[in-house]
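Here is my notebook for this chain, kept in the order I looked things up.

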Amino acid sequence: MKVSANRYPQEAARLLREHPEVRASVTGATLSFDSKRRQAYAEVEAEAWRRWAEGVKNHLLMNLDRYLLQAEEKLKQNGVQVHWAEDAVEAQRIVAGIARKAGARKVVKAKTMVSEELGINPLLEGMGLEVLETDLGEYIIQLLHQPPSHIVGPAIHLNLEQIRRLFHERFQTPLEASPEDLAAVARKLLRNGFLQADVGISGGNFVVAETGTLALIENEGNIRLATSAPRIHVALVGIEKLLPRFSDLSVFLSLTARAATGQRLGTFVSLIQGPKKPDEPDGPQEVHVVFVDNGRSSLLADPEAWETLRCVRCAACLNACPVYRQTGGHPYGYVYSGPIGAILSPGLVGLEDTKPLPYASSLCGACFQACPVRIPIPRLLLTWRNRAVEQGLTPRLEAAAIQAYALAMTNPWAYRLATRALRLLPEKALDNTVLPVLKAWIEGRAGLSPSPKSFQQLWEAGEV
């Protein structure tokens with residue numbers, strides 16, 4: 001996927017200006033998700049669960065090489081064909097080769113953020129294949145030629161009226177159609193896709209190294225159909241998405257569902273153990289698991305940012321984030337948005353191409369409180385900010401202003417001199433023309449004007 005994260009400030013401002021309805025849609029959806037997550041956490045000893053999950057994922061990451069080899073061995077024993085992709089180019093080559101060998105003409109896809117990361121849809125469409133997204137939200141944004149706006153709810157930036165208009169234009173449904181009627185239309189179209197597809201592509205919530213089990217969580221049933229109706233199933237799995245033991249899976253399935261949507265468990269949980277056996281009537285003839293690196297090994301080697309790889313893609317941090325709620329995910333300019341995207345994207349594609357993202361946060365800490373695996377997102381945001389400064393990626397004027405501010409706040413004489421100078425500035429200095437570096441700070445405050453006296457002088461004179 002093309003990276004345009006460096007335009008985040010401009011794109012966020014443009015979206016708020018041109019599409020104010022997005023803020024209402026995203027805020028409503030994320031507040032609902034977050035409220036349900038809080039209720040679901042309250043039903044269990046959430047902090048104990050979170051600490052346990054953190055420990056399991058830390059153990060896994062510290063021994064990832066061993067568990068990947070174990071997973072490969074068990075998957076092969078289950079009849080699964082295992083592939084390794086160092087980067088997006090290699091992953092595309094593998095997927096294209098599988099589709100070409102199968103003589104595929106139609107592909108159905110379950111929701112998978114890794115496929116967005118790898119650019120699988122444009123690849124297959126460029127080969128002349130028909131690609132059909134089967135998650136309802138993904139199907140809607142596919143019709144609009146848009147990327148996902150949210151990890152779990154890809155179309156939460158759209159309101160009901162917009163979806164009604166889309167379906168009216170594409171399928172001639174009534175403009176007053178109910179959500180149930182719209183879903184019924186999509187269901188009929190998608191069912192035909194499942195029956196006609198040669199290949200089904202999914203992601204993978206977890207792969208259990210001990211048993212070679214691929215676990216998938218969903219609420220619509222489309223993943224189960226996409227992975228069992230076509231004769232070939234391809235699962236794209238990040239190398240960090242393993243669990244050591246089958247006994248780990250039950251807690252992670254529940255914890256992920258609670259964090260993502262406030263459910264005790266996803267409506268459908270599929271545990272895939274390989275292709276269908278000779279005596280089984282249903283299931284794919286071939287199952288392929290593509291383990292994807294694409295920058296993850298480098299991130300794992302990072303002495304600070306490695307903890308990002310604990311992420312289970314639940315989007316709880318997006319739902320809790322007051323900054324993400326203003327715009328949704330599109331202005332972030334890459335696959336992963338919100339707080340997790342602000343620390344994951346620099347690690348995967350480089351800070352130089354994503355430098356505004358770590359600043360897209362108020363550092364309120366809500367993301368850490370929501371995260372089911374206790375990723376220290378606020379601390380890692382500061383890590384990436386510090387690195388941006390160290391690498392000279394911040395604007396020179398901004399860096400000079402911060403240095404001057406630090407000098408003034410740590411030296412009494414400099415503080416007195418600076419405040420005296422500010423009091424002598426002309427009125428127009430605060431209209432963003434003389435001091436543009438103060439633009440963002442001034443815009444959030446009303447009624448500012450220079451005063452010829454300091455606060456201490458005003459206090460002593462009884463004027464305040």
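**Sheet terms.** I started with the pairing rule: two strands pair if DSSP finds at least two bridges between them. Helices (H or I, at least four residues) and strands (E, at least two) are DSSP runs, numbered from the N terminus.

**Ground rules.** I am working from a predicted model, in which local features need pLDDT of at least 70, side-chain atom pairs count only at pLDDT 80 or more, and totals for chains, interfaces and linings use all residues. Residues are numbered from 1 along each chain as its sequence is written, and side-chain values use heavy atoms, with hydrogens and water left out.

**Open sheet.** I found four strands in an open sheet, ordered E8-E5-E6-E9, with mixed pairing. Strand E8 (242–243) and strand E9 (268–272) are at the edges with a single partner strand each, so one side of each has no neighbour in the sheet. I then followed E6 (residues 213–218), which pairs with E9 in the antiparallel sense over five bridges. Within that pairing, Glu218 has Phe268 of E9 as its bridge partner.

**Strand E2.** My next stop was E2 (residues 106–109). Which strands does E2 pair with in the parallel sense? One is E3 (residues 130–133), joined to E2 by four bridges; another is E4 (residues 199–202), paired over three bridges. Lys109 has a bridge partner in each: Glu133 in E3 and Ile201 in E4. A reminder to myself: in a regular strand the side chains alternate between the two faces of the sheet. In E2, Lys106 and Val108 point one way, Val107 and Lys109 the other way, and all are buried. Buried here means under 20% relative accessible area, exposed over 50%, and partly exposed in between (1.4 Å probe, protein chains only).

**Three helix residues.** For each, I left aside neighbours within four places in sequence.

- Ser25 is in helix H2 (residues 21–42) and is buried at 13% relative accessibility. Its contacts are Ile156, His157, Leu158 and Asn159. Ser25 and Ile156 are 131 residues apart in sequence, yet 6.4 Å apart in space, C-alpha to C-alpha.
- Glu54 is in helix H3 (residues 46–62). Is Glu54 buried or exposed? With a relative accessible area of 15%, Glu54 is buried, and it touches Arg310, Val373 and Arg374.
- Glu72 is in helix H4 (residues 64–77). Its relative accessible area is 16%, so Glu72 is buried too, and it is in contact with Val82 and Trp84.

**Whole chain.** Stepping back, I counted 22 helices and 10 strands. The radius of gyration is 25 Å, close to the 23 Å of the globule rule for 464 residues, so the chain is as compact as a globular protein of that length. That radius is taken over C-alpha atoms, and the rule is 2.2 Å times the number of residues to the power 0.38. The C-alpha atoms fill a box of roughly 95 × 55 × 45 Å along the principal axes. I noted that 51% of the 464 residues count as buried. Among contacts between residues at least 6 apart in sequence, 74% join residues at least 24 apart.

Key: Contact means heavy atoms within 4.5 Å.
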